[in-house]
Each structure stands twice: as C-alpha cells, then as structure tokens.
Amino acid sequence: MNYLLPVLLSLCLQDPVTVTPKDDLAKIRDSVRGKKAVVVLRGGTYVLPETLVFKAEDSETTWRAAPGETVVLSGGRPISGWKKAEGGLWTAQVPDELRFNQLFIDGKRRTRARTPNAGDFFRVDGQLTEDKPTKLKFKEGDLKADWAARGDVEVVALQKWAELRMPIVSVDAATRTAVLSGDTYKWIIESQARYWVENAPDLLDAPGEWYLDKKTGVLSYKPLDAEDPTKGVAIAPALKQLVRIEGAKQLRFEGITFSHADWSIGPKGYSDTQAAIDYAGAVQAQGAVGCSFENCVVSHVGGYGIDLSRGCKENRIVRCEVTGHRRGRHPHRRDHAAEGRGGPDPEERRQRLPCPRHRPRLPRGRRGLGRPQLEEPAPAQSHSRHVLFGVLDRLVLGLRTQRRAGKTSSSRTWCTTSAAACSPTWAGSTP
Ligand SMILES: [Ca+2]
C-alpha cells in the first residue's frame, strides 16, 4: 500500500507518476486507470511476473522512460549458481517454474544444443512426405532412435521460404525413416532440404551451446573461449509475451525497451507456411486504437516483436527498433545462418521499421489452412493480415498488422539500440 499514496497524490496534482523497478507495474496500472495519467519509469530492469495487460479502462495513459535513462521491461530471469562440470561444461540449477527455449548471456543469444553444429546441416534423403504426420528419410547415421525416445528432441527443417520445427516421434534405422509429430504442406516441401536436430544432451559439444534438462532443471552450458559464466549475466525468458493491449485507446509507450520473451510450439510442433504469421508477438495488441510506440526497442524475443492484430487502427510506431527476434525470417536468406548456423550473431542485426509506402504485402488468405496450433493459439481471424517486412534488404520485420486495420504508420526515421539496452542491468530489479 505504500506505493498508493504517492500515486494518488501525483494524480490529484496532475503530476506524472514516477515509478522505479521496485514497483509492481500491474498495481501502478490499476491505480492510474481512468486518470489519463503519465507514468514515468526510472531507469533499470522491471521484471514482469506475468504479461502486463492493458484493457479499455487503461486508455489514455502514457508510459514513459525518464529522460536519459534506460528502462527495460523484461520477461527474463537471471541464471546464477554456475558450477564447473566435466567436459568443459558449466551447470546451473534452475527453478521448477523456469523452463525455456532460449538463453542469453551478456546480451547475446546462445545456441540450443544441436547437430550438425552451427553452420552445417543434414540433408533430407528425398523430401518430407505428405503423410499425416510427415516422415523424413534420413541419410545413414544422421538420426538416432534414442532421440525419439526422449520425446522433446526436435528436427528443424528449412524448406523453401518456411521453417518446420517438430519433435521426433520415432526413428527406424533399417529404413532410415523418422516420423515427426505433425504435418507439413506440399507447397513448401523441398527436395534435399537442409535440417538439423536440436535439444538433446549428447548434442552439447560446441562452445556456445546449452542444454536444459526439463525434468531435472539442470542447465548445462559450454562457454565460448575465455568466457566465465560466473562473471557474465545469463538470462532466460520466463514469459512468452511481455505486453498485451486489449481494446485500449490512446495508450502510449515512449522510450521503453521490451526484452526477453520465449517461444513455444506445442506437442505437434510447428510447420510454417508463410512468415509465421500466426505466431504472436512479444508485444501484442488487439482492438488498439490510436496507440503509439515511440523510441522503443523490442529485443531478445522468440517470436515477433510488435504484433498489431485484430481490430487495430490508427496506431503509430515511431523511431522504434526490433532486434534479436526469431520469427518472420526467410530460411534461405543468408542472415538465417545467424540463428546459430554460422554468420553474424543475431543480436548484431538491426531491423528498422520501414516507411509504410515501401512495405511489401503478403498474399492473402493463409489462415484456416490447417496449420498446427501453437501451444497458446492466436485468436481466430476471418480475414487476412498484412505483415510488415523490415528493410536492410532481406530481414523480415517482427511486426504484423491487419490489412483492414491498415493505418499503422511508422516514421521514416529510426533510432539505434544502445549497448545498455541489450545488456540490461539487474540492479534494483526483483527477480
Ligand atoms: Ca552440437
């Protein structure tokens, strides 16, 4: 209750409400409802215990970073207690409630244990079948039956313009055939497609790789050269979504960084058809009208960055940056190698919001085609949507919007992310 008095006093005086990382943003949100308040966030990392939801009653409020200060709204949790283990590995015990698919160390995404290692691939012997579920014919010695027995070892295949990620259900060494957990689609099937296997303990053999045993909670990591996990900042995402806007109007975010959100695929895996358009963003809006994001950053997320979905209109995204996300990129683009497949680190890439006049449009009518549901399925939509592609020639932007909403605009100018934004400090946070 000690936060309530200064909040009420500020509202009575029509002053901005100033908050620090020690404050509970959900309680602050509730306390300023209907007040047309300006909430000024002092610098630091605000650890979100759950997705911060803004509804219609939260309209006409502004959430603004204090001038010159870095404000991070994080869905991550720091990993500590690292101990040396055999084989050049380090291990840490993570809490039962923390199970994740991404790991960031000193602001850089590390590679989930995989084979072949980053930069190399297996090749499908022929092509994935149209069976339900699909089957993969592999080359001698590439896949092991043990991986199927584990239940959560995944094949990640790059077919034409889309990515397929599915657990291995069974492996028949005699026929060199693996059954995956879901279906693929004939129009994205590619002969001799590249793929790799991910998320098994015996795949942890290269510097920068990690593996989380989801049953025991033991995280194992093989550091890069001269890297000491006890001296770095390791962060794993606990949330899949950071902020969700549900019907709010004139809600404004200024100068805020949104970081550390995970992805999930559900038991049948995920087979994309186009730009992963049914995958939700770390910051998602539905029915948002006249809202804005200015000078904001979205970084270190597993899905899209900013997702303007059903019923959104007249929103503005100005001088924002979306970086280090994992959805909406073309598997055959050279930059795709950055997902731990060689090439530059994904956090080194920067995506900028294009002028709306130059954003390309995707073909319509891709929903309702029977693609597998995500673990947390996006709301059903009866109409097509637009996906805004980022520039830098070949990077797809982590932003989606709807065709009918269509009034989302972005500035022709943009900002760049500061190093501090990608390496948030945890001082003052309450992990
Ligand atoms: Ca490996």
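Student: What share of the 431 residues in the chain is buried?
Tutor: Buried residues make up 45% of the 431. A residue counts as buried if 20 or more other C-beta atoms lie within 10 Å of its own, exposed if 12 or fewer, and partly exposed in between, with C-beta atoms placed from the backbone. This is a predicted model: local features need pLDDT of at least 70, side-chain atom pairs count only at pLDDT 80 or more, and totals for chains, interfaces and linings use all residues. Residues are numbered from 1 along each chain as its sequence is written.

Student: How many helices and strands are there in the chain?
Tutor: The chain has four helices and 36 strands. These are DSSP runs numbered from the N terminus: helices are H or I with at least four residues, strands are E with at least two.

Student: Which strands form the open sheet with four strands?
Tutor: Its order is 7-22-10-11, with antiparallel pairing. Two strands pair if DSSP finds at least two bridges between them.

Student: Which strands stand at the edges?
Tutor: Strand 7 (76-79) and strand 11 (108-109) do; each has a single partner strand, so one side of each is left without a neighbour in the sheet.

Student: And how many bridges join strand 10 to strand 11?
Tutor: Two bridges join them, strand 10 being residues 104-105. Phe104 has Arg109 in strand 11 as its bridge partner.

Student: New topic. Which residues have the most contacts inside the largest nonpolar core?
Tutor: They are Val39, Leu41, Leu242, Ile256, Phe258 and Val298, in a core of 52 residues. Apart from it lies another core, of 43 residues, including Leu103 and Val155. A nonpolar core is a set of buried Ala, Val, Leu, Ile, Met, Phe, Trp, Tyr and Cys residues joined through C-beta atoms within 7 Å.

Student: What does Leu41 touch?
Tutor: Leaving out residues up to four places away in sequence, Leu41 touches residues including Val19, Trp63, Val71 and Ile256. Contact means that the C-beta atoms of two residues, placed from the backbone, lie within 7 Å.

Student: Where does Leu128 lie?
Tutor: Leu128 is in the loop between strand 14 (122-123) and strand 15 (135-137).

Student: Buried or exposed, that Leu128?
Tutor: Leu128 is buried, because 28 other C-beta atoms lie within 10 Å. Beyond its neighbours within four places in sequence, its contacts include Thr134, Ala157 and Ile189.

Student: And which strand holds Val17?
Tutor: Val17 lies in strand 1 (residues 17-19). Val17 is buried too, with 23 other C-beta atoms within 10 Å. Val38 is 21 residues apart from Val17 along the chain, and their C-alpha atoms are separated by 6.1 Å.
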